[in-house]
Amino acid sequence: MSGIFLEEQESTNKLRKADFKAALVLLCIAILILLETLKFPMTGSYGGVESQWYVSPALFPLILVSVLLASSALLLITAIKARGYRDVFNYKGWIGDFGQSINRDRWFVIIQLLLYIYIFIPSCDFFLCTANFLLAITFRFYLSNSALMLPLYATQTIAVAGLFGLRASLLDEFYFFSMEIVSDEKLIAWSDSLLAGMIAINCLTLLLFSKAEKIKIVYLLATCLLVPLILVFVFTFLLQVPMPVEYGSVSLFLQWLWYDKLGM
Amino acid sequence: MLKRIFLFTTLLATLVAISQTSHAARKYPTRPITNTVVWGAGGGTDAVNRMLMAEMSKILGVRINVTNKTGGVAGSIGMNQVLKKRADGYNLVGISSSNVTAAVNGGWRERFNVWSPFIFGGSPEVISVRANSPYKTLDDLIKAAKAKPGSIKVSASGAGGIHHLYLLELAKATGTKFQFIPYPGSAPSQNAAVTGEVDVVITSMAEQAQLIKGKKIRPLGMLDPNDFNLKGYGEIKSTFPSYPSLNKNLPIPQAIGFAVNNKAPEAVKQKLAAAFEEALTKPAVKKWAEDNFYVITGEHGEEARKEFDRFESFFSWALYDLGSTKESPEKFSIAKP
Amino acid sequence: MLEQFLYFFKFLFELVTEPFNLFILFGSSLLGILFGSMPGLTATLGVALLTTLTYGLDTSTALISLLGLYVGAIYGGSYPAILINIPGTPAAAATAMDGYPLAERGEGGKALGLTTTASMIGTVIGLIFLVVLSPLIAVLALQFTSWEFFLLALFGIVISGTLTSHDLVVKGWIAGFIGLFLATIGRDTLQFFPRYTFDTSALDGGLEVVPVLIGAFGIPQVIRVLSEKQTLAKAKEFARILPEFSAIVRNIKHIFRSACIGVGIGSVPGIGEDIAGWVSYSTAKNTSSPEEQKKFGTGSETALISSETANNACIGGALIPLLTLGIPGSPPAAMLLGALLLNGIIPGPTIEVEHPNFLLEVTAIMVLASFAMWVNGMVLAKQVIKLLQIPAPLFIPIVAVLCVLGSYSLGLNFFDLYLMIPVGIIAFILGELKFPISPLVIGLVLGGMADESLRRALMLSEGSFLPVLQRPVSLILLLIIIYCVISQIPFLKNAINSRLGTIKSKIFGKQA
C-alpha cells in the first residue's frame with residue numbers, strides 16, 4: 001500500500017516540477033500577449049463601425065489574458081507549494097534526457113515531421129516526400145536495424161542540403177522558408193530527381209544490408225511505396241484534391257497516364 | 001536480388017524521364033479543367049460556378065472539377081495560387097466583384113487585371129425591414145433616420161463587403177446616418193432582421209427572396225435602377241426614381257463568375273468564351289438563374305476587364321476612405337473613381 | 001395528420017422498391033462513412049464532391065445520395081476517434097474521450113457496435129422531432145439573438161471545465177483559455193481589425209479548426225505510439241460487434257435525452273453541431289450515479305452513447321433551420337444548402353408551398369439513410385477493427401500521412417499544414433504535463449462566436465447588460481450557466497447542499 005503511495009507521490013512531484021516550468025512559460029506568453037493587446041484601438045471608429053469601449057477588438061482578449069494570468073499564477077503557486085522549483089535550471093528537464101531511448105525516439109519523430117512538412121512537401125512531389133518520410137519512420141521503428149540508420153541520415157542530409165543548393169542556384173532569389181509552394185517547374189524537376197535518387201539509395205541499402213525476414217521487407221516496401229501511390233491516386237483523381245506541388249514528377253506522370261493515355 | 005534492384009532503378013528513372021516530357025502542346029481542352037472557387041462551399045459564388053461549370057463541361061467535352069480554396073483576405077490565397085499555376089487554361093478561378101479588394105487589404109501584390117474575367121451576373125440589391133416594422137416605405141425610414149441620426153440599426157453582412165458599401169452609398173446619397181452592425185455573412189445578417197435585432201437589412205435578392213416570400217421580412221425597395229418582379233410576392237419598386245443621387249455610384253454588380261489567367265493563349269480564351277456564351281443560352285441555366293433570382297449579364301473579354309477595373313477603383317477607394325485598408329490604392333496605381 | 005402519415009409510408013415504399021435508389025443509398029452511405037473515418041476528410045468535402053456528380057440527376061436520387069453521405073460521414077467520424085484517438089471533427093472529440101479508453105481495453109468492437117446502434121436511434125429520434133416539432137423549433141431558433149449566442153458559447157466553455165482533468169482542475173481552465181485565445185487570432189469580424197497577425201496575410205483569416213484539431217490530437221498520438229513502442233488498441237478475439245440488447249436498454253434514457261439535446265442544440269445555427277455532443281456528455285455525467293461518474297473519461301458506455309447519439313441527432317436538428325428558414329448552421333449544412341439550390345430546391349419559409357410534403361420526403365430519405373448507415377456500420381466495424389492488427393510502426397506513419405492530407409485538402413491551404421505541426425508539438429507537451437486537450441479545441445471553436453456576439457450585443461444595447469435579464473431564453477441560459485459554475489466549485493457546492501439539507505430537514509421536520 002505504502003509503495004503505491006510513494007510511487008504516486010514521486011510522479012506528482014515530477015508533475016509539479018513540470019508545472020512550475022509550464023506556469024513560468026505561460027506567464028511570459030500571457031504578458032507578451034497583454035503588451036500586444038494594449039496596442040489595439042480602444043475607442044474610435046475603425047472599418048466603418050462606430051466604436052465604444054465595448055466594441056473594441058481588445059475587449060475579449062483583455063478578459064482572456066487576465067484570466068490566463070490569474071490561472072497561471074494559481075498553477076505557479078500550487079507548484080511552489082509542492083516545491084516544484086527544484087531543478088529548474090537543469091536542461092534535461094526542458095528537452096528530455098537523451099540517455100533515455102524514449103526521448104531520442106520522440107525527437108526523431110518530431111524532426112522527421114518537421115522535415116516532411118516544412119522542407120520536403122513545399123519543394124518536391126508529394127509521393128516522393130511521403131515515401132521518404134515513411135521510409136525513415138519505418139526503418140527506425142519497424143526494422144530497428146541500426147546498420148540502416150547511418151545511410152538514412154546521410155541521404156536525408158544530402159537531400160536537405162541539395163534542396164537548398166538547388167534553390168540557391170536555380171532561383172533568382174533564395175528563400176529559406178516560404179508560405180507558398182514552389183511553382184518553378186525546373187526547380188521541381190531537379191528537386192524531385194534528387195529526392196528520388198535518395199529514396200532509391202535507401203531502398204537499395206534496405207535490400208542489400210537488412211537482415212530482416214523477407215516478408216517484413218515486402219510489407220515495408222508496400223507501406224512506403226505502394227500506399228502513398230494509392231493515396232496520391234485516390235486524392236487527385238477520385239476526390240479531386242490537387243497535390244500540394246501540382247507539377248511534381250509523379251503527379252505529372254500519373255496525370256499523363258490517366259488523362260492522355262487512358263483517356264479517363 | 002540484383003535483377004530486382006535493376007528493375008527498380010530503371011522504373012524510377014523512366015518515371016522521372018517520362019513525366020518531364022509529358023506536357024507537350026496539344027489541342028485545348030484534352031484533360032479536366034480545375035476551377036478553384038475562392039469563396040466557401042455552398043455560397044453564391046460557389047453555387048453559380050458549380051452550375052455553370054457543369055454546363056460548360058458538356059460543351060467543352062471535358063470534366064471541370066470545382067474545388068474551394070478559401071482564406072486570406074478577399075480570397076487572396078486562392079487567387080495567389082491559381083495565378084502561380086500554368087497559364088494554359090486548365091486552371092480557372094471562381095470569383096466575384098468582392099475579390100478586387102485583395103490588394104489594398106494586403107492579401108497579394110497584384111492588380112486585378114492579371115485575370116481575364118467571365119461575368120455570369122449577379123443578384124440585385126434589396127433593402128428590407130422586419131415584418132412588423134413601423135417603416136412602410138424607404139421615405140419613412142429616411143425620415144426616421146434624419147430625425148434621430150444613428151439610431152437605426154442596419155445589418156449588411158461584414159464590414160467592407162459589397163452590402164456594406166451599398167449601405168454607405170445609401171447614407172451618403174440621402175444625407176443620413178445609420179448604425180451599421182456587422183455580421184459574419186448575409187445569412188446571419190438577415191436572421192438578425194427576422195429576430196428584430198436590427199431594424200433594416202441590405203443584402204441581395206437571391207439571399208432574401210425566401211424570407212420575403214415567407215413574410216419574415218418586408219422589402220422597402222430595390223437598390224437597383226430596375227423594378228423587380230418577385231414571383232409569389234409582387235413587384236418591388238426601384239428606389240432610384242425617388243433618390244436620383246443613388247444613381248451616381250450604384251448599382252455595384254456582384255459580378256459572380258470565373259476568370260482565367262490573362263496570360264493564357266488567345267485561342268484558349270476564345271474557346272472558353274465560346275463555351276461560356278453557349279452555356280448562357282441553355283434553358284437549364286436560364287431557369288436556374290430565374291429560380292435563384294440572378295440576373296445574367298454575360299460579359300467577358302475586354303468588356304469584363306473594364307467592368308472589373310471600375311469595381312477595383314470603387315471598392316478600393318471606398319475602403320480606403322473607411323480607413324480599413326492596409327495599403328493605399330495609390331500604391332497599386334488604382335485610379336480614383 | 002393521418003394523410004401525412006400515409007404519404008410518408010407511400011414515399012418510403014416507393015424508395016425501397018426502386019433497386020437503383022437502394023444501390024445509390026448504400027453506396028453513398030458507405031462513401032460517407034469512409035469520408036468521415038479519414039481524419040480531416042469531412043462531410044463538407046464529401047457533399048461538395050457529390051454536388052457536382054449529382055448535377056442533372058433526378059432530384060430525389062440526388063437527395064438520397066447527398067443525405068446518405070451526410071449521415072454516413074457524421075457517423076464515420078467516430079471510427080478514428082474511438083480506435084486511434086484522432087477525432088476528425090470537434091464533435092467527434094467528445095466521442096474519443098471515452099471511446100478510446102474502451103478500445104484500449106480491447107473493447108473497440110463493442111464500442112463501435114454501441115455507437116452504431118445509438119447513432120441510428122439518435123438520428124431517428126432527431127427525425128421524429130424534425131417532422132413533429134419543426135415549426136416550434138424554428139420559432140425557438142429565431143429567439144437566438146446575439147445575447148443568446150454569447151451565452152450559449154459561454155455555456156459550452158463552462159462545460160469544458162467539467163471535462164475530466166486527471167490532474168489539477170486549473171489546468172483544464174488554462175487549456176480552455178488558450179483555445180479561446182487562439183480563436184481571436186485574425187481579422188476581427190466586427191471591425192476587420194487584424195489581431196495578432198503580425199502582418200502575415202496567412203493569419204488574416206484566423207486559424208482553421210480542423211488543422212488545429214488534427215494537430216492537437218493526431219500528432220501527439222503519432223509521437224506517443226511510435227516512441228513508447230505502444231501497440232495499438234487490440235481487438236479481442238471474436239470481438240462482438242452486435243451490441244448486447246441489455247446495454248441499449250440500460251442506457252435508453254441516456255439515448256433519449258441525448259437525442260433531445262442533439263436536436264435542440266443542433267438547431268441553433270452556427271454553433272449547435274459542434275457542442276451538442278459535449279453538452280450531452282456533461283449532462284449525462286451530471287445525472288449519473290457517483291459510481292458511473294467516476295468511470296467518465298476512462299471508458300464509460302454511458303458517456304460514449306450520450307455524445308455519439310447527440311452528434312447524430314444533430315443532423316435532424318440542423319436540418320430544421322436549413323429547410324424551414326434557409327439558414328445553414330455548419331459548413332457541411334452550408335454545402336448541403338448549395339447542393340439543394342443546384343438541384344432546384346430552394347429551402348426557406350415557403351418550401352412547404354413550393355414543394356408540398358418536402359419535409360416528409362426528406363425524413364423518409366433520412367430514415368432510410370440511417371438504416372443504411374447502421375447496416376454498413378455493422379458490416380464495416382468488424383473489418384475496421386482488423387486494421388488495428390497491422391503493426392503500429394507501419395500503420396501509424398500512414399495515419400500521419402492521412403492527417404497531413406486531411407488538413408491540406410480541407411482548404412487546399414498551405415498554411416493549414418504549417419500550422420498543424422507546432423500545434424501538435426505544443427499539444428504533445430501539454431498532454432505530457434497532464435493538461436486536457438479537449439477544452440482547448442472547444443475554446444477554439446466557440447471563442448470567435450463568444451467574442452463577436454458579446455461585442456455585437458453590447459453594441460446593440462449601447463453598452464448595457466440589462467437585455468440578458470429581459471429576454472426569456474437568455475435568462476434561462478444564464479441560470480444554467482450559474483448552476484454549472486457553482487456545481488463545479490466544491491466549496492460553494494457543499495455550502496449550498498448543507499443549506500438545502502437544513503432547509504429540507506426543517507420543512508420535513510415541521511411536517512413530521
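Visitor: What volume does the second largest cavity have?

Guide: Start with the general idea. Rolling a probe the size of a water molecule over the atoms shows where empty space is left. A cavity is a set of points, on a 1 Å grid over the protein atoms alone, where a 1.4 Å probe fits but cannot get out. Grid points are joined across faces, edges and corners, and a volume is the space filled by probe spheres set on the points. Here the second largest cavity has a volume of about 190 Å³. Of the 17 residues that line this cavity, A:Ile181, A:Val182, A:Pro244, B:Gln81 and B:Lys85 are the closest to its centre. A lining residue has an atom within 4 Å of a point.

Visitor: What should I know about the model and its numbering?

Guide: This is a predicted model: local features need pLDDT of at least 70, side-chain atom pairs count only at pLDDT 80 or more, and totals for chains, interfaces and linings use all residues. Residues are numbered from 1 along each chain as its sequence is written, chains are lettered from A and ligands numbered from 1 in the order in which they are written, and side-chain values use heavy atoms, with hydrogens and water left out.

Visitor: How many cavities of 30 Å³ or more does the structure hold?

Guide: It holds nine.

Visitor: Which helix gives the most to the lining of the second largest cavity?

Guide: Helices are DSSP runs (H or I, at least four residues), numbered from the N terminus. Helix α3 (residues 76–84) of chain B gives the most, with three residues. By class, the lining has nine nonpolar, three polar and five charged residues. The classes work like this: Ala, Val, Leu, Ile, Met, Phe, Trp, Tyr, Cys and Pro are nonpolar, Asp, Glu, Lys and Arg are charged, and the others, Gly among them, are polar.

Visitor: Now pockets. What is the volume of the second largest pocket?

Guide: A pocket is an open set of points with protein on both sides within 12 Å along at least five of seven lines. The second largest pocket has a volume of about 970 Å³. It is lined by 30 residues, and C:Met38, C:Leu387, C:Phe395, C:Ile398 and C:Leu402 are the closest to its centre. Its lining divides into 28 nonpolar, two polar and no charged residues.

Visitor: Which helices supply at least two residues each of that lining?

Guide: From chain A, α8 (214–238) does. From chain C, α2 (19–37), α5 (78–84), α18 (358–387) and α19 (392–411) do. The largest share, six residues, comes from α8(A).

Visitor: How much area do chain A and chain C bury between them?

Guide: The size of an interface is often given as the accessible area lost when the parts come together. Buried area is the accessible area (1.4 Å probe) that two parts lose on being put together, summed over both. Chain A and chain C bury about 6,100 Å², 82% of it on carbon and sulfur atoms. In chain A, A:Tyr54, A:Phe60 and A:Met179 lose the most area to chain C, together 11% of what that side buries. Contact (heavy atoms within 4.5 Å) takes 69 residues from chain A and 67 from chain C.

Visitor: And what area is buried between chain C and chain B?

Guide: About 3,700 Å², of which carbon and sulfur atoms give 59%. There, 41 residues of chain C are in contact with 44 residues of chain B.

Visitor: How many salt bridges does each interface have?

Guide: A salt bridge is a side-chain nitrogen of Lys or Arg within 4 Å of a carboxyl oxygen of Asp or Glu. Between chain C and chain B the count is zero. Across the interface of chain A and chain C the rule finds three. Over all chains the count comes to 35.

Visitor: Which residues does A:Arg106 pair with?

Guide: Its partners include C:Glu228, at 3.8 Å from N to O, and C:Glu432, at 3.1 Å. A:Arg106 sits in helix α4 (residues 101–120) of chain A, and C:Glu228 in the loop between α10 (209–227) and α11 (245–250) of chain C.

Visitor: Are these two side chains buried or exposed?

Guide: Buried means under 20% relative accessible area, exposed over 50%, partly exposed in between (1.4 Å probe, protein chains only). A:Arg106 is buried at 15%. C:Glu228 is partly exposed at 30%.

Visitor: Which residue does C:Glu301 bridge to?

Guide: C:Arg250, with the closest N and O atoms 3.2 Å apart. C:Glu301 lies in helix α15 (residues 301–325) and C:Arg250 in helix α11, so the pair ties together parts 51 residues apart in sequence. C:Glu301 is buried at 14%, whereas C:Arg250 is exposed at 52%.
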